[in-house]
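Morning, everyone. Please take a look at the structure on the screen, and keep it in view while I talk.

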Amino acid sequence: MKYFYLVWKSLWRKKIRTLLTMMSVFVAFLLFGLLSALNQVFDGATDVASAQRLITLDKVSIINALPSAYLTRIRAIPGVTEVTHADWFGGYFQDPRNQFAQFPVDPETYLAIYPELKLPADQREKWQRTRDGIVVGRDLVETYGWSIGDRIPLYSSIWTNKDGGQVWDFEVTGIFDNDDPRGNTQFILIQYDYFDEGRAFGQGTMGWFVLSIDSAGGAASISNQIDTQFANSPNQTKTVTEAAFAESFIGQYGNIALIITLILTAVFFTILLVAGNTMAQSVRERIPELAVLKTLGFEDRSVLGIVLAESTFVMLLGGTLGLLAAWFIANVAGPSFIPLPGFYLDVAALLTGLGYIVLAGIAAGIFPALRAMRLTIIDALARV
Amino acid sequence: MSWLQQIFAVTALNLRNIPQRLGASVVAIFGVAAVVGVFAGVLSMANGFKKTMVAAGAEDTAVILRAGATGEMASAVSNEQIQIISTSPGVRSGASGPEVSGELYVVVDVDKKSTNEPANVPLRGVQLGAFGIRDNLSIVEGRTFETGKNELVAGRSAQRQFKGLEVGDRIPFGVTEWTVVGAFEDNGSVSESELWADVRVIQAAYRRGNTYQTVRAKLQSPAAIADLRAALDADPRLDVDVVNEREFYSQQSEAMTNLISYIGYPLTILMAIGAVFGALNTMYSSISARAKEIATLRAIGFRPLSILVSVVVESGVLAIIGGLLGGGLAWLFLNGYTVSTLNAASFSQVVFDFAVSGELLMQGLVAAVIIGLIGGLFPAIRAVRIPVTTALREL
């Protein structure tokens, strides 16, 4: 630490160069942070998905609905502690661009199976009492500026109601949060009974079932029992853990996520390489000065330390600020800025970023530093 | 010497000296190459996706959906409504009557070759008229399905991306087994991602009664869509949207291309900022290494403007080399690369190729030139502002 002043001084020897290098590092780690958050969008659904919850859906295609009678038959299977169901409403608000998910569900069992969804007790009661009541996720409320008591029309592109129209009227009776900050709250829950009685076709069917089970160990055997039970019916089922379902669904987006990740990783390293090269160059230019330091009696190790400290410091300052900016964009400015569900920078990603910062600082400094350490005074001074 | 000659002389001197500053120059080139490469790479995805979707659309084909439906899957049209549409004005008639096809669009789980995981592959039930309505579509292997049988024909792209779709393969969907009897091509469009079968069989398998989701009608001319729309709007038995097929597919691709663009453009800007810093750094060190040389030139009578231009041109040349390199690499490695993804608008898989178009490469080069100019301008101003005496005295 006693050499800090020396490091500080040599750092600002060329102000503009140091500032520019720091800014490139800043950009590189801002990119790194945003990329990690973007990865959360693709992987996050898998991370927050539970292995304790199973999903039963139609075997042929996810778009086929199942008979509601399956509900009680699934509940009767030993090991199943609770069953609920959901449908896909397929609606939008005012403009087809304003698309988000809406699920007609049974309020009581749905909230029991998804305990991470937090809805105040009074709002929950109000919702259960209001037939056309809906509860709205926090992120959506922020995007559209709704509040409790508002009446909002949703246009369903799938479900015609009994009047022959596509517009369904709802009252906002509650706003829910998600315990897990990575969790998605960009959706609306609708009362199934109201939906089922109101729709012109498909009555008595349910889109898919969600069930919680005793222990994760039994998941395979329970899903087997369910699927065997319906094997000879016209609606065969496929039961998988929620985690497996999320993974396979995200997998459908295929190589796209992988390609974006690969490209951006390449960019991240390119920017670091550019910055690192500049730093190395700045050391090379000062070789005579380093020789003078040695002449004055600085040990080889101290010279090594000074050069390394300099490069690490540039990376730390630029990189940390970059990560902070990414954190701000993803987690604070958040959903109103980038409307992707699950766009979130978690602590693990921040720590990984910090690790890269230190690594990059050492990588950029180590070769010039070693060279500075091995320098013989005579040779170095002779080069002037 | 005139000032123009001066500019040429100094610029040529600068450019010839680049090899002496090879390290720094290569880094600057590399930075710009990364920007242009990524820009072209990411946006070629959006471009290819859109191209594949729009290629399926014809101007003289009308797609008729239930009013407000956001996609084929969300639409519904009854058999009676199809009869009304067939006899409406604007619809072209062929040898076997009006060229109209009622279609059902569902998805089935088929394993993807690359992941071995099930994916939503579109299965389209069509009436035989569908083949005549698509101008570019043709069976290239095997034969078409026989009506009333569990037979299907697979698009070429679908065959390449998903398992068990070769001609002669048998594939189970639920309790019924289907036979792949043929393969079709359609100009590389989104239709090639689909499986086709007799609409009657799909209606039965998916318990849709005698209903359809969409109707495609061949028009007498692209302009005839107005007549058809007016007639259908006026008919109280129908509540439908009529769009031309090209426009329909363009809407279907919008969400996906927007998403990629929303990721691609900000990223490019961010990276471009990083590359500007790189270029600035390179040029600052380039002029500071040559401070004495520049001062000498000015001392013997070269104007500041000539020196300024020469520095900017040097940085511009480096950036253009970088831009060509990055764009070239993107074109070499990514153009034509085939992937498949889930299109949220149709809730089904679309197989498409990356398309690094000339337009994208031009945009990338423009970005490179801007980076080069900004990266050169500030150091150039600095170079001409240092007093000659100070620069000459410096070691």
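How many bridges join strand 7 of chain A to strand 9 of chain A? The count is 5, and the two strands run parallel. Before I go on, remember that this is a predicted model.

Let's stay with strand 9 of chain A, residues 167–178. Strand 7 covers residues 133–137 of chain A. One pair to find on your screen is A:I134, which stands opposite A:V172 in strand 9.

Strand 8 of chain A, residues 151–156, also pairs with strand 9. This pairing is antiparallel, with 5 bridges. Look for A:L154 here: its bridge partner in strand 9 is A:W168.

Then there is strand 6 of chain A, residues 117–118. Strand 6 of chain A pairs with strand 9 in the antiparallel sense, over 2 bridges. A:K118 stands opposite A:D177 in strand 9.

Still in chain A, move to helix 11, residues 287–295. Which residues of helix 11 are buried? They are A:L290, A:A291, A:L293 and A:K294. These four cover an arc of only 155° around the axis, so they sit on the same side of helix 11. Here is the general rule: an α-helix has 3.6 residues a turn, so residues three or four places apart point the same way. Just after helix 11, A:G297 takes a positive phi of about 110°.

Now chain B. Chain B has 12 helices and 16 strands. Its C-alpha trace spans about 95 × 45 × 30 Å along the principal axes. A compact globule of 395 residues would have a radius of gyration near 21 Å, but chain B has 30 Å. Buried residues make up 52% of chain B. Now take the contacts in chain B between residues at least 6 apart in sequence: 83% of them join residues at least 24 apart.

Let's zoom in on strand 6 of chain B, residues 118–126. Is strand 6 of chain B largely enclosed or largely open? It is largely enclosed by the rest of the structure, because 9 of its 9 residues are buried. B:P118, B:N120, B:P122, B:R124 and B:V126 point one way. B:A119, B:V121, B:L123 and B:G125 point the other way. In a regular strand, side chains alternate between the two faces of the sheet.

Who are its partners? Strand 11 of chain B, residues 195–198, runs parallel to strand 6, with 4 bridges. There, B:V126 has B:D198 as its bridge partner.

Strands 5 and 6 of chain B form a hairpin with 6 residues between the strands. In that hairpin, B:N116 takes a positive phi near 65°. That is a positive value in a residue other than glycine. Hold that thought, as chain B has another case to set beside it. Phi of B:F347 is near 60°, again positive in a residue other than glycine. B:F347 is found in the loop between strand 15 and strand 16 of chain B. What about burial? B:N116 is exposed, because it has 9 other C-beta atoms within 10 Å, and the limit for exposed is 12 or fewer.

Next, the place where the chains meet. 43 residues of chain B are in contact with 39 residues of chain A. Several elements of chain B each supply at least two residues to its side, including helix 2, strand 5 and strand 15. Helix 8 of chain B gives the most, with 11 residues. The side of chain B that touches chain A divides into 27 nonpolar, 14 polar and 2 charged residues.

Last stop, the largest nonpolar core. This core has 219 residues. Those touching the most other members are A:A28, A:L31, B:V32, B:V35, B:I64 and B:I371. Helix 2 of chain B gives the most to this core, with 18 residues. Find B:V32 and trace its contacts. Beyond four places away in sequence, B:V32 touches residues including B:A275, B:A279, B:A319, B:A368 and B:I371. In soluble globular proteins, nonpolar side chains tend to be buried together.

Methods. Residues are numbered from 1 along each chain as its sequence is written. Chains are lettered from A and ligands numbered from 1 in the order in which they are written. This is a predicted model: local features need pLDDT of at least 70, side-chain atom pairs count only at pLDDT 80 or more; totals for chains, interfaces and linings use all residues. A residue is buried if 20 or more other C-beta atoms lie within 10 Å of its own, exposed if 12 or fewer, and partly exposed in between; C-beta atoms are placed from the backbone. The arc is that of the directions from the helix axis to the C-beta atoms. Two strands pair if DSSP finds at least two bridges between them. Two residues are in contact if their C-beta atoms, placed from the backbone, lie within 7 Å. Ala, Val, Leu, Ile, Met, Phe, Trp, Tyr, Cys and Pro count as nonpolar, Asp, Glu, Lys and Arg as charged, and the others, Gly among them, as polar. A nonpolar core is a set of buried Ala, Val, Leu, Ile, Met, Phe, Trp, Tyr and Cys residues joined through C-beta atoms within 7 Å. The radius of gyration is taken over C-alpha atoms; the globule rule is 2.2 Å times the number of residues to the power 0.38.
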